[in-house]
Amino acid sequence: MAYLADSDSDGDYSIVVRNAATMSSDPWGFPGNGDMAAPSIWGDVVAYAADPDDNGVFDIYYRDSSDEYNQLRVNPSAKGNPDVWRNVVAWEEVDPPGPDTEIVVDVLDSPLGPLFISTDPADSSDPAVWGEWVAWLDDSAPDNKILAENLITGERVEIDQPGKSEAGPSVFGDQLCYLASDAGLTNPQLYVYDLVSGDSKQPWTAPSLALPGDTSIFGQHVGSWISFVFEADMFVSELQR
């Protein structure tokens, strides 16, 4: 697992990698000032955003077994929220001249370079990648929607429930997990959508005013967190296949 911590109490956040079996930890950060953010882990690869120059512009880096500070995407555009699956990394990046963000995908150690997946004039953010699929939040609809694209076939799937605001996509295989809420951020609902068959399941609904957060799906288990007025709660469900 990987998470953020101010390990040396200097006001800058670094990343801690913890072995879930032994609970041993390995913190690391850039020398001097500069924050790290948004770590995503797969095997021994950790993709993260970092601002080593402390200039307010985050770039995309990754750590593997050989180096902690591999540069994946460094340029003047702001970037964030990377997600990694095996050797594929997706993140959001301001597309010049901005100010909207788009989704970028790159393969580690590939000579092809990064590929912009979304190019519309609205914000695209919060990417999730697994296997052939990358999904993200699209701000072109009045109440947000989720788009998913097959990186091999180019097929695109749109999820935009009438009157609902979608958020927090995550992907496992062909299964897309996300949160949706009614007008006024009421009654947040967790959904699992099959990107191949189009079938949809709704494991639970929280009948209250809440801000939708992120989701996570692996195998038959789905998790999410939502923020109430004074607290945030996490939920885990098991899907019945």
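1. Tyr61 is buried, its relative accessible area being 5%, where buried denotes under 20% relative accessible area, exposed over 50% and partly exposed the range in between, with a 1.4 Å probe and protein chains only. Tyr48 likewise counts as buried, at 0% relative accessibility.

2. This is a predicted model, in which local features need pLDDT of at least 70 and side-chain atom pairs count only at pLDDT 80 or more, while totals for chains, interfaces and linings use all residues. Residues are numbered from 1 along each chain as its sequence is written, and side-chain values use heavy atoms, leaving out hydrogens and water.

3. The structure holds eight aromatic pairs, a pair being rings of Phe, Tyr and Trp (its six-membered ring) with centres within 6.5 Å, stacked if the planes are under 30 degrees apart, edge-to-face if over 60 and tilted otherwise. Among them, Tyr48 and Tyr61 have ring centres 5.9 Å apart and planes at 15 degrees, so the pair is stacked. Because Tyr48 lies in strand 5 (residues 45-51) and Tyr61 in strand 6 (residues 59-63), the pair ties together parts 13 residues apart in sequence; strands are DSSP runs (E, at least two residues), numbered from the N terminus.

4. The rings of Tyr178 and Tyr191 have centres 5.4 Å apart and planes at 15 degrees, so this pair, too, is stacked. Tyr178 belongs to strand 17 (residues 175-182) and Tyr191 to strand 18 (residues 186-194), 13 residues apart, and both Tyr178 and Tyr191 are buried.

5. A single aromatic cluster is formed by Trp42, Trp85, Trp130, Phe172 and Phe218.

Conventions
Helix = DSSP H or I, 4+ residues; strand = E, 2+ residues; numbered from the N terminus.
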